[in-house]
Amino acid sequence: MRVFVTGATGYIGGTVADLLLHSGHQVEGLVRTQDKAHELERRGITPVLGTLDDGALLTARARAADAVVNAADSDHKGAVEALVEGLAGTGRPLVHTSGSSIVSTDSRGEAADEIFNEAIVAPGSGWQPVEEKAARVALDRYVLDAAHRGVRSVVLCNSLIYGHGRGMARDSVQIPVLAQQARDSGVVRYVGRGRNIWSTVHIDDMADLYLRALTHAAPGSFHFVENGEASFSDICAALASALGLGPAESWDADTAVAFWGRELALYVLASNSRVRSGGAQLGWRPAHSSALDWIKKDYPHSH
């Protein structure tokens with residue numbers, strides 16, 4: 001297949017693009033600068049110079065492709081509309097990237113028991129996201145509704161991703177953010193009591209599900225991407241050990257917000273996001289199940 005990938009220079013899109021190439025597909029990647037275009041070319045990806053605001057370009061590249069992976073920005077409505085426009089009536093796949101912070105709540109480091117499944121986004125579901133995530137969920141539903149316009153549209157909703165990217169971007173968000181603060185200060189910090197839990201997935205397993213979704217997912221399907229879960233106090237304890245630091249310590253929510261900003265501190269690092277994936281119905285068999293094991297085994301040797 002010839003696959004057009006937005007976010008091809010990023011952590012998620014770059015890893016998906018790399019797996020597509022190694023699986024024998026041709027890849028076109030959206031890129032903003034000539035320098036990054038040369039790097040994509042070096043990796044075997046055909047660069048397409050432009051941005052997510054270039055609607056006509058996105059529509060044209062989607063129309064010319066056999067499939068599209070949107071991995072650049074989970075919240076860019078204009079880009080999604082342009083890609084859907086290009087694929088409308090073709091029956092070709094559009095795999096759109098969302099994130100499981102759509103179910104996160106302001107937990108301030110406390111645990112939550114509620115676990116969400118994929119039915120929450122189905123028509124008629126009574127579930128409502130927090131106000132900060134309403135626009136993202138509306139965009140996810142717009143993508144799913146594109147199935148009625150002749151697009152084989154799929155939303156993959158990633159949980160906390162760990163592991164090293166195989167494209168130009170090596171690091172994810174949460175664990176590297178915690179590690180950077182720890183290196184700068186000498187202390188790993190979690191928020192509140194750190195008992196909040198996130199579902200997790202290894203980047204290589206995530207990329208495998210993207211490829212399976214391109215070829216096997218039904219139109220209008222939504223899949224959480226997860227295989228395991230961990231509390232932030234356990235993640236921070238593993239990081240402290242891997243980095244050779246003393247015990248992880250608590251930050252109160254106000255201090256965390258002042259340092260990381262409200263969105264990152266409260267709706268990522270102090271929240272719960274517990275989800276379950278139906279990816280097995282696509283033949284998905286993840287090989288990695290423990291973010292804590294990865295931190296202990298791989299993190300010290302790679303940073």
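How do the residues of the lining of the largest pocket divide into nonpolar, polar and charged?

1. The lining of the largest pocket holds 14 nonpolar residues, 16 polar and seven charged. Keep in mind that this is a predicted model.

2. The space in the largest pocket comes to about 830 Å³. Its lining counts 37 residues. Ile12, Ala71, Ala72, Ser74 and Val173 lie nearest the centre of the pocket. Two or more lining residues come from each of these elements: helix α1 (11-22), strands β2 (26-31), β5 (93-99) and β7 (160-162), and helix α10 (262-269).

3. The second largest pocket has a volume of about 190 Å³. Among its lining residues are Glu118, Arg141 and Asp145. Leu144, His148 and Phe222 also line this pocket, as do Val121, Ala122 and Pro123. Helix α5 (residues 134-145) gives the largest share of the lining, three residues. By class, the lining of the second largest pocket has six nonpolar residues, two polar and three charged.

4. Strand β7 gives residues to the lining of the largest pocket, and β7 also belongs to an open sheet of three strands. The order is β7-β9-β11, and the pairing is mixed. β7 and β11 (229-231) stand at the edges with a single partner strand each, so one side of each has no neighbour in the sheet. On average, neighbouring strands of this sheet are turned by 45° against each other, direction ignored.

5. The pairing of β7 with strand β9 (residues 197-202) is parallel and runs over three bridges. Within β9, threonine 200 is the bridge partner of leucine 160.

Notes. Residues numbered from 1 in each chain as written. Predicted model: local features only at pLDDT ≥ 70, side-chain atom pairs only at ≥ 80, totals over all residues. Heavy atoms only, no water. 1 Å grid on protein atoms, 1.4 Å probe; cavity = no way out; pocket = protein on both sides within 12 Å on 5 of 7 lines; lining within 4 Å. Points joined across faces, edges and corners; volume = space filled by probe spheres on them. Helix = DSSP H or I, 4+ residues; strand = E, 2+ residues; numbered from the N terminus. Nonpolar A, V, L, I, M, F, W, Y, C, P; charged D, E, K, R; others polar. Pairing = 2+ DSSP bridges. Axes fitted to C-alpha atoms, helices over the stretch in contact; angles between N-to-C directions.
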